[in-house]
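Please look over the sequence and the model first.

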Amino acid sequence: MKVIFIGDVVGKGGCEALSAVLPQIKRDYGADLTIVNGENSAEGNGIDARSAEAIFSAGANVITTGNHSFRKHSIEEEYERLDTLLRPANFGDYLPGKGVCEVDLGAYSVAVVNLIGTAFMNPVDNPFKCAEELLKTINSKIIIVDFHAEATSEKRAMGYFLAGKASAVFGTHTHVQTADEQIIDGTAYITDVGMTGPHNSILGVEKDIIIEKFLTYYPKKHVYASGDVDICGVCVEIDQKSGKALNIERFCRIHSPK
């Protein structure tokens, strides 16, 4: 089977580009399941009901999130209502929603796990211990993990920690696609999948805003850039009987809005 995973969708422009390009990406790779990180998909950051619906309508089967999961309070009802809209599992049980779902594909099922890192991030439950406990409860042989983390070292550590235990570990959050895709003991790994956001930007934000912040240290409101949009992701081929990854291929398509 083949799984498509798309990196952090940024704003309305990212949602529109995803809608335009994702159907073709799925056809090109013959995808059986599509997972999209949508934690930046709402205007002004976070995710809301409108952007979640846009991502699902574009062709996503599961949406994962990250540190901006609850930036829009209106999304809390959606987390409770939708089994395939995830927030990091190691946020704990006291927040709405859940961090794992199992998707029934007929002859087999796929578990999707959403975790968040702790290095340079807000304190949460230990993601490694959380992953270890979650694996004991999952019945699916195919397990896909979105590890939303800042530090490369923490992401790689999770890749090795789950090697041979998960089918894939995909890093998200830092928005720049890395070139270290590999198979580790049957587990597909990449440090960061990249983003679905404006090409001519700094992590999706207008570049002049970020440059001025570095020059002056004066806070400025982030505004998403416009123009061509990168759609970054990976396609992983997995043996459905063993749950082992056979191949991982990264891609980045460019969409020019009309």
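Isoleucine 184 has threonine 187 in E10 as its bridge partner. The model is predicted: local features need pLDDT of at least 70, side-chain atom pairs count only at pLDDT 80 or more, and totals for chains, interfaces and linings use all residues. Residues are numbered from 1 along each chain as its sequence is written, and side-chain values use heavy atoms, with hydrogens and water left out.

E9 and strand E10 (residues 187-190) run antiparallel, joined by 3 bridges. Strands pair if DSSP finds at least two bridges between them. Strands (E, at least two residues) and helices (H or I, at least four) are DSSP runs, numbered from the N terminus.

## The sheet

The open sheet has 6 strands, ordered E5-E6-E7-E8-E10-E9, with mixed pairing. E5 (100-104) and E9 (182-184) are the edge strands; each has a single partner, so one side of each lacks a neighbour in the sheet. Twist averages 25° from one strand to the next.

## Helices on the sheet

Helix H4 (residues 127-135) lies across E5, E6 (109-116) and E7 (142-148). H4 runs at about 160° to E6. Axes are lines fitted to C-alpha atoms, for helices over the stretch in contact; angles run from 0 to 180 degrees between N-to-C directions.

Helix H5 (residues 152-161) also packs on the sheet, touching E6, E7, E8 (168-172), E9 and E10. The directions of H5 and E8 make about 170°.

## Asparagine 90

Asparagine 90 sits in the loop between helix H3 (76-81) and E5. Its relative accessibility is 0%, so asparagine 90 counts as buried (under 20% relative accessible area, 1.4 Å probe, protein chains only).

Leaving aside neighbours within four places in sequence, asparagine 90 contacts Leu115, Ile116, Val124, Asp125, Asn126, Pro127 and Cys130 (heavy atoms within 4.5 Å).

Definitions and conventions. Buried means under 20% relative accessible area, exposed over 50%, partly exposed in between (1.4 Å probe, protein chains only).
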